[in-house]
Every structure is written in C-alpha cells, then in structure tokens.
Amino acid sequence: MAATTPLAIVLSACSGSEVHDRLDSGVDRLRAPRSTPPAPANPDQKLVDQAASAIASMRAMLLPHRSEGTVVTDLINLHTAHLRVLGKPHATGAGGPGGSAGAAKAQIAAREQSLATLLATKAGVAQDGDLARLLASMSAAVTQRVAGGLA
Amino acid sequence: MSTSLPSQLQTALASEHAAVYLLAAFISRTSPGRLADALSESYDFHRAARDLLAERLAALGDTAPPGAAPAYDMPALSTSTAVSRAALALEQRAAAGYADLVAGTTGADRTQAIAWLSATAVRQLHFGAAPADLPGIS
C-alpha cells in the first residue's frame, strides 16, 4: 500500500462504529497537543547549578586531605550536606591542591572563604526568597567553619 | 512575598530592641573576661543593627517604628554557663530572624541581612555553639 493511501480506503474495511471511533480518535489527535508543554523555566536554575558546582569543587579539593584531621572531614560532610539540600548530591568538581599539609590548609581556608562569598553573592540575587535564605545560611555555615579555626 | 518590607524590618527592629536589652543585662551579670568580651561584642553588633534598622524604616517613611518594650523575659543567669547559654539562645533567635529577613527582602536590605546572618553564626561559636550545617534554618 502506498504511503499516501486515502483515509476512506483505509476505513473501508471497518464497521460503521469502528469508522466513527477512528475518525473521532483522529480528530482528538488533531486537537491534542503534540507534546507536553515544557515546564516554566526556573529563573534560579543557573544560580543553583553554579552554587552546586562551586561547592562540589571545594569538596573535591578537600577529599585528598581527609586524613589530615577532623576539620577537613567536617568540611567535606558540610559540603556534602549542602549539595544534598540543593538536590545535587553527586555533583563533581576539580581536584585539590598539592604540597604540604600546612600549605594545603592555608589554601583550603582561602578557598572556603571564597566559597562563602560566592554563596552570599548568589543569595543576594536569587529570585526566590527561600532559596536566598538557604544560600545565605550555607554561606554562614562555611564562614562559621573558617572562623572556628580553619585559618 | 506575603509580608511587606516595612513589616519585615519592623519585626527585625523589635528583635534587636530585645537583644540590646538582654545583652546589657547579661553583661551586668558577668565578670571581666572572655565571656564579657564576647557579650560586649554582641551588644555592640545588635545596637548597631537596631540603629540601622530604625534609620532604614525612617527612610521608608515609617513614622512609628517599634520601640523597646519596658522589659523582656529574663532567663536565669545564676552562673557564667547560664549566661553563655542565654546569649547563645539569643544569637540563634537572631540568626533565624536574619534568615527570614534574607528571604523577605531584596537588594541592599537582603545583602545586609546576609552579612548579619554570617556574623551572628560566628558569634554563636563564642557562646559555645557547635558549627551548624544551616545556621538560622536548623
């Protein structure tokens, strides 16, 4: 059968009710949307992705140093918890610094402070108030760790 | 946003009045030392926050911002540990208030609230708090 077979020929083998059913379903198909309308874009999605990426990078930087003390372990746990809250528990980032434990600690402190600043900045521009609150709280948590003896 | 900006700021100002009153009382019951220093730092911070909020409300045209109450419920302050615990509770309430202010504001008001949230999270450490995953929220 040719691809352009008229609709009447296709329907000729059908009973009357089948013809109506098929015509109705054809009409329904014409009226139905061709696909599910896309969900409205989340205006904060890019911001969430950027925050999660920064947190994941910080966590990746810390992972090689996890044996160097509970402070580092606590930070890893903090960032893991924050990624989970952001819905990005498996986000990954680049690796950590080399060098001595002391030098790494100084770098970690500087990077953590930068992360706190970034999270505060993102909180400042988030469209959603609850997201702003969450990011500000994350920033405060990181600042708390840095002030508590990491530096 | 369900609450107006002046209302959010008024709530914050009322909390700062209470904080200033209570911290002054805590200081008066504390001998010189690390705890007294931490209380003084906290007092200065909340007094400055109170004044900033009052100025902001005045700039918004609020002619009747909330004033200080004649008195506030005073926790038991029989020992330095009790004072420290009361100060920590005060800072935790402040953190929750600042977090609400972050959620309910935009622009410079939100930026200010974000900074206050971080600062109060750090001060909680001075009063014996363990670091939290989400200060002001949990």
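In this predicted model, helix α1(B) meets helix α3(B) through B:Gln8, B:Ala12, B:Ser15, B:Ala19, B:Leu22 and B:Phe26. On the α3(B) side, the partners are B:Val83, B:Ala86, B:Ala87, B:Leu90, B:Ala94, B:Gly97, B:Leu101 and B:Gly104. Sorted by class, this contact of α1(B) with α3(B) holds ten nonpolar and four polar residues, and no charged ones.

Now for the geometry of that pair. Helix α1 of chain B covers residues 5-28 and helix α3 of chain B covers residues 80-104. Their axes come within 10 Å and cross at roughly 165 degrees. Angles over 145 degrees count as roughly antiparallel, and α1(B) and α3(B) are therefore roughly antiparallel to each other. The crossing in which α1(B) passes α3(B) is left-handed.

Helix α3(B) also packs with helix α2 of chain B, which spans residues 34-59. Here the angle is about 25 degrees, and the axes lie 11 Å apart. Because angles under 35 degrees count as roughly parallel, α2(B) and α3(B) are described as roughly parallel to each other. Once again the crossing is left-handed, this time with α2(B) passing α3(B).

Which residues bring α2(B) and α3(B) together? From α2(B) come B:Leu35, B:Leu39 and B:Ser42, and from α3(B) come B:Ser80, B:Val83, B:Ser84, B:Ala87 and B:Glu91. By class, that makes four nonpolar, three polar and one charged residues.

| Helix pair | Axis distance | Angle |
|---|---|---|
| α1(B) and α3(B) | within 10 Å | roughly 165 degrees |
| α2(B) and α3(B) | 11 Å | about 25 degrees |

Let's turn to the partner chain. The contact between the chains takes 20 residues from chain B and 20 residues from chain A. On the chain B side, α3 and α4 (107-126) each supply at least two residues. Which helix gives the largest share of the side of chain B that touches chain A? That is α4(B), with eight residues. By class, the side of chain B that touches chain A has 14 nonpolar, four polar and two charged residues.

Finally, a word on confidence. Chain B averages a pLDDT of 95, and 98% of the residues score at least 70. For the complex, the predictor gives an ipTM of 0.94 and a pTM of 0.83. Where pLDDT is low, predicted coordinates should not be read in detail.

Terms used. Residues numbered from 1 in each chain as written. Chains lettered and ligands numbered in written order. Predicted model: local features only at pLDDT ≥ 70, side-chain atom pairs only at ≥ 80, totals over all residues. Axes fitted to C-alpha atoms, helices over the stretch in contact; angles between N-to-C directions. Helix = DSSP H or I, 4+ residues; strand = E, 2+ residues; numbered from the N terminus. Parallel < 35°, antiparallel > 145°, perpendicular 65-115°, else oblique. Left-handed = near helix turned anticlockwise from the far one by under 90°. Contact = placed C-beta atoms within 7 Å. Nonpolar A, V, L, I, M, F, W, Y, C, P; charged D, E, K, R; others polar. pLDDT = per-residue confidence, 0-100.
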